[in-house]
Amino acid sequence: MKVRYREKIKEYNDKLPTLEVILKDFGLNPLGVLVVDRKTGALFPPGQPMRSDLELELRAVISGG
Amino acid sequence: MNIVKCKVCKQAEAIIKLENYRLNLCPGCFDDFVVRRVEKGIRHFRMFGHRDRVLVAVSGGKDSLGLWDLLLRLGYRADGFHIDLGIGSYSQESTRLCREFAEQRKLKLYVRSVPEEFGLGIREVARSVRRAPCSICGMLKRHLMNRTALDQGCDVLATGHNLDDEATSLFGNVLHWQEDYLARQFPVLPQVGAGLKRKVKPLIFVGEKEMAAYVTLKGIPYIYEECPMSKGAMSLHYKEILNQLELHSRGTKLFFLKIFLDEQRQRFQKAEDQQPALAPCTTCGTMTTAGLCAACRLREKLAERGAPGGRS
């Protein structure tokens, strides 16, 4: 995972990936997580590229029901 | 910066992507979307009307608190009901969030406590009678919810089961061919006699992620933490499997559930017809297929084992 992460970081530096791309790359199902901006509490909008100043929280939405 | 516009109003910036509907929505259009899905569920299944008194079972989680908020916004008369399960800090936080929600909106919240009524928390009750905690918890929740609705004169009991919960339950029941459960799986369970209140699931057409996004956008604090008793539960695995399917084939969950409810459920009616008739519990009056209801039997078992919550 660490090797893959490093490789991805290199790739990301050139093209500023969106969160959707990152979730996919790390095998996370976007249906199971909600991405919240920790500073503002707002939802992180789709299609926006990641920025180094962002503090995002991946909140699992699956519950026992 | 790449700004994705809302697919409905085509003006505001989208803040959520609903993968299963191929929709990017702005806060206003997303709010309309959720409200319309709840209204659709209530009307489609004729769950209740504006004159009915609804008792909403709230756990402190996103679905139940979101449901309470949505029903009030839609103009329904809705009180809340919460059970303190006695699971340490998890239950304390759940109860605090429910009370806070009710107090801020000046709503009526009925709270029952498993430790107060049974002398033990859910984990200890389950251990005493050698049953799985989730099985005891489900049974006690059904019993206490129904008892409170009867005592408070409510017409209908509403729970926060969402589309994902129902599709998951259906998936599990089909995998194990639980015909009696399949026969009873429906978003409306009718009132039986004077002892069993009608039960409804108004979030039947709203997905889990949509509910999480709804309460986040509305600023409703909810408990993110999963119930510590549910670790390793098969339902969580089933949910993940269904989400994988949904990602590759959009609309799978809704199609699976809708076709079952509209067309396939009647196949299992025979299993329902073969169920023993319901009659009032000889002790508490709750409708049951045995002489004594499951909650009263539990009290007796606890008494046999000398547990504090047993009937003396």
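Confidence in chain A is lowest in helix H1 (residues 2-15) of chain A, with a mean pLDDT of 61. It is highest in strand E1 (residues 33-37) of chain A, at 89. pLDDT is the predictor's confidence in each residue, from 0 to 100. Helices (H or I, at least four residues) and strands (E, at least two) are DSSP runs, numbered from the N terminus. For chain A, the mean pLDDT is 78, and 75% of its residues reach 70 or more. Where pLDDT is low, the predicted coordinates should not be read in detail.

Some housekeeping. This is a predicted model: local features need pLDDT of at least 70, side-chain atom pairs count only at pLDDT 80 or more, and totals for chains, interfaces and linings use all residues. Residues are numbered from 1 along each chain as its sequence is written, while chains are lettered from A and ligands numbered from 1 in the order in which they are written.

Now chain B. It has 13 helices and ten strands. Its C-alpha trace spans about 70 × 45 × 40 Å along the principal axes.

Next, a helix pair. How do H7(B) and H10(B) lie to each other? The axes of helix H7 (residues 163-175) of chain B and helix H10 (residues 234-248) of chain B come within 9 Å and cross at roughly 105 degrees. Axes are lines fitted to C-alpha atoms, for helices over the stretch in contact, and angles run from 0 to 180 degrees between N-to-C directions. H7(B) and H10(B) are therefore roughly perpendicular (65 to 115 degrees).

Who touches whom? Residues in contact have C-beta atoms, placed from the backbone, within 7 Å. In H7(B), the residues meeting H10(B) include Phe171(B) and Gly172(B). Tyr238(B) and Leu242(B) are among those on the H10(B) side.

Definitions and conventions. Angles under 35 degrees count as roughly parallel, over 145 as roughly antiparallel, 65 to 115 as roughly perpendicular and the rest as oblique. Two residues are in contact if their C-beta atoms, placed from the backbone, lie within 7 Å.
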